[in-house]
Amino acid sequence: YEKKEQLYEGKAKKVYATDDPEVVIVSYKDDATAFNGLKKGTISGKGAINNRMTNNLMRRLEHKGVPTHYVEELNDRETAVKKVSIVPLEVIVRNISAGSFAKRYGVEEGIVFDEPTFEFSYKNDDLGDPLLNTSHALALKLATREEIALIRKYTMMVNDLLKGFMKEIGIDLVDFKLEFGKTSDGTIVLADEISPDTCRLWDEKTHEKLDKDRFRRDLGGAEEAYEEVMRRLMGE
Ligand code: C5P
């Protein structure tokens, strides 16, 4: 694929057009932001790790029947993906209490749930990504009832599969965020990334945090944590 003009620059990625109207190139940056962009920094090496980890996981999910936007890894930081319009929902699944769940409901982190929780927030930086339910999403016409049903089905498949992939490498999948997109023919596919930026990952024995909370909470060792997950997942 030939890289053409930049279409978009987000907090952690840039997107470029290609010579194929159905395909775009995602380029991962080392920039890190938290708290809706209020906290800014860089995690050196993060772009390459998130690119390669996302692609590894997307390929394995696709193989297990979850349709994704993945096309081809081009280099360390760049991947060709199907051009989609992003459904403006952040889909969040939790297996263990942490983060905004612990804060909102006044409970400690680390409570293992009997069943995963499923929630949406409205992907809208100006509003600070407010929590919303299915009827709100339908009222706002963010997706159709059928699309939401598919998104829920794929998300639960991703949770089961990802929990298993992580357990194999001694990591508990605490929670994660997914985004879905619609291709030009209206197909719903898993898009965006799956990385320590978008998942909470705790070592199953030490409960050490191996994710972006190291950056959000100034715990130090973010670079090393991302590298550790990468090493366990991909053997390097
Ligand atoms: O902050 P909260 O506890 O709601 O986050 C739940 C999960 O969703 C975490 O794994 C976090 O990394 C991810 N998330 C994300 N992008 C956001 C909000 C949350 O990747 N904008």
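Surface patches are made of residues with over 30% relative accessible area and no salt bridge, where like charges are joined within 9 Å and nonpolar side chains (Val, Leu, Ile, Met, Phe, Trp, Tyr) within 5 Å. One nonpolar patch of this kind is formed by Tyr105, Val107, Ile111 and Leu131, with about 330 Å² of accessible area together. The model is predicted, so local features need pLDDT of at least 70 and side-chain atom pairs count only at pLDDT 80 or more, while totals for chains, interfaces and linings use all residues. Residues are numbered from 1 along each chain as its sequence is written, and side-chain values use heavy atoms, with hydrogens and water left out.

**The nonpolar patch**

- Accessible areas come from the Shrake-Rupley method with a 1.4 Å probe, and for residues only the protein chains shown count as cover.
- Leu131, one of the patch residues, is found in strand β11 (residues 131–132).
- Helices (H or I, at least four residues) and strands (E, at least two) are DSSP runs, numbered from the N terminus.
- The relative accessible area of Leu131 is 42%, which makes Leu131 partly exposed.
- Buried means under 20% relative accessible area, exposed means over 50%, and partly exposed lies in between (1.4 Å probe, protein chains only).

- Contact (heavy atoms within 4.5 Å) involves 29 residues of domain 1 and 27 residues of domain 2.
- About 2500 Å² is buried between domain 1 and domain 2, and carbon and sulfur atoms give 65% of this area.
- Leu57, Leu61 and Pro67 supply 20% of the area that domain 1 buries against domain 2, more than any other three residues.
- Buried area is the accessible area (1.4 Å probe) that two parts lose on being put together, summed over both.
- Six salt bridges are counted between domain 1 and domain 2.

**Salt bridges**

- A salt bridge is a side-chain nitrogen of Lys or Arg within 4 Å of a carboxyl oxygen of Asp or Glu, and a search of the whole structure finds 29 of them.
- Glu9 forms a salt bridge with Lys29, with the closest N and O atoms 2.6 Å apart.
- Glu9 lies in strand β1 (residues 3–9) and Lys29 in the loop between β3 (23–28) and β4 (31–34), so the pair ties together parts that are 20 residues apart in sequence.
- Glu9 is partly exposed, at a relative accessible area of 44%, whereas Lys29 counts as buried at 13% relative accessibility.
- Asp203 and Arg232 meet through their side chains in a salt bridge (2.8 Å, N to O).
- This pair links distant parts of the chain, with Asp203 in strand β14 and Arg232 in helix α6 (residues 222–234), 29 residues apart.
- Asp203 is buried, with a relative accessible area of 9%, while Arg232 is partly exposed at 22%.
- Also in helix α6, Glu228 and Arg231 are three residues apart and therefore separated by about one helical turn; their side chains meet in a salt bridge (2.9 Å, N to O).
- Both are partly exposed, Glu228 with a relative accessible area of 22% and Arg231 with 43%.
- Lys11 and Asp125 are joined by a side-chain salt bridge (3.3 Å, N to O).
- A network of salt bridges links Arg94, Glu109, Glu119, Asp175, Arg200, Lys209, Asp213, Arg216 and Arg217.

- Ile148, in helix α4 (residues 145–168), is buried with a relative accessible area of 5%.
- Leaving aside neighbours within four places in sequence, Ile148 is in contact with Phe120, Thr134, Ala137, Leu138 and Ala143.
- Thr198, in the loop between β13 (188–191) and β14 (199–203), counts as buried at 11% relative accessibility.
- With neighbours within four places in sequence again left aside, Thr198 is in contact with Asp175, Phe176, Lys177 and Glu193.

**Positive phi angles**

- Most residues other than glycine have a negative phi.
- Asp129, which is not a glycine, has a positive phi of about 50 degrees.
- Asp129 is placed in the loop between β10 (112–122) and β11 and counts as partly exposed at 21% relative accessibility.
- His207 has a positive phi near 60 degrees.
- The loop between β14 and α5 (213–216) holds His207, which counts as partly exposed at 48% relative accessibility.
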